Amino acid sequence: MSQSDTPNVQVLSTEVSQLRQELQLRDSLVQQLSQELFRLVKGNTSFMPQQQPDLERDLTQLQALQEQLQAVEQQVAFYQEQIATRDSEIYQLRQSVQELTDRTRMLEQVVQELPQIYRRKFEERMTPVREKVAMLQRENRQLQAELQSVSYRLALKTRNASHSGIDLPNFPRPASEETNISTPQNA
């Protein structure tokens with residue numbers, strides 16, 4: 001929920017409170033008016049004038065009061081409708097706030113779990129690489145051992161051959177092959 005929505009909810013809440021207060025005020029005025037009318041019409045015998053012109057004036061006043069009462073009732077109905085609409089909006093806003101709060105919590109949890117997920121994925125990818133490196137190192141040690149063995153046997157043959165009196169031809173060798181054969185490499 002954005003920061004601009006919070007003042008909206010507060011403004012709506014304030015308006016709803018004001019409308020409820022106005023509605024209560026109008027309800028109490030209507031109640032007082034109806035009680036006063038009832039008291040005047042039923043309880044007061046002197047209220048009924050003896051003369052005809054006063055009766056017409058009183059009927060005119062009564063009609064005016066009834067019109068005012070109708071206007072107040074219409075306003076009350078209008079405000080009640082507005083209150084119901086605002087209550088519905090408030091309910092929807094609360095639902096939206098709850099959904100956004102839940103979503104925010106879920107996203108925060110995902111963000112907290114991301115480093116662990118990346119580490120696990122990295123480990124999963126590194127496992128075959130480590131196995132391949134270990135295999136290559138074993139193979140390298142084997143090859144070095146074989147190379148040392150061959151070099152040793154070749155050196156023995158060369159020494160035995162020079163003592164036995166057989167002359168073997170000496171072929172010129174490139175310098176890089178001689179260093180590779182004579183010195184074993186360590187990995």
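Trainee: Which helix does R86 lie in?

Mentor: Happy to start there. This is a predicted model, where local features need pLDDT of at least 70 and side-chain atom pairs count only at pLDDT 80 or more, while totals for chains, interfaces and linings use all residues. Residues are numbered from 1 along each chain as its sequence is written, and side-chain values use heavy atoms, leaving out hydrogens and water. Helices are DSSP runs of H or I with at least four residues, numbered from the N terminus, and R86 lies in helix α2.

Trainee: Does R86 count as buried or exposed?

Mentor: Buried means under 20% relative accessible area, exposed over 50%, and partly exposed in between (1.4 Å probe, protein chains only). R86 has 18% relative accessibility, so R86 counts as buried.

Trainee: Which side chain does the side chain of R86 join in a polar contact?

Mentor: Contact in general means heavy atoms within 4.5 Å. Leaving aside neighbours within four places in sequence, R86 is in contact with L12, E15, V16 and L19. A polar contact is a pair of N or O atoms within 3.5 Å; within protein, one must be able to donate a hydrogen and the other to accept it, and residues adjacent in sequence count only if both atoms are side-chain atoms. At 2.2 Å, the partner of R86 is E15.

Notes:
Helix = DSSP H or I, 4+ residues; strand = E, 2+ residues; numbered from the N terminus.
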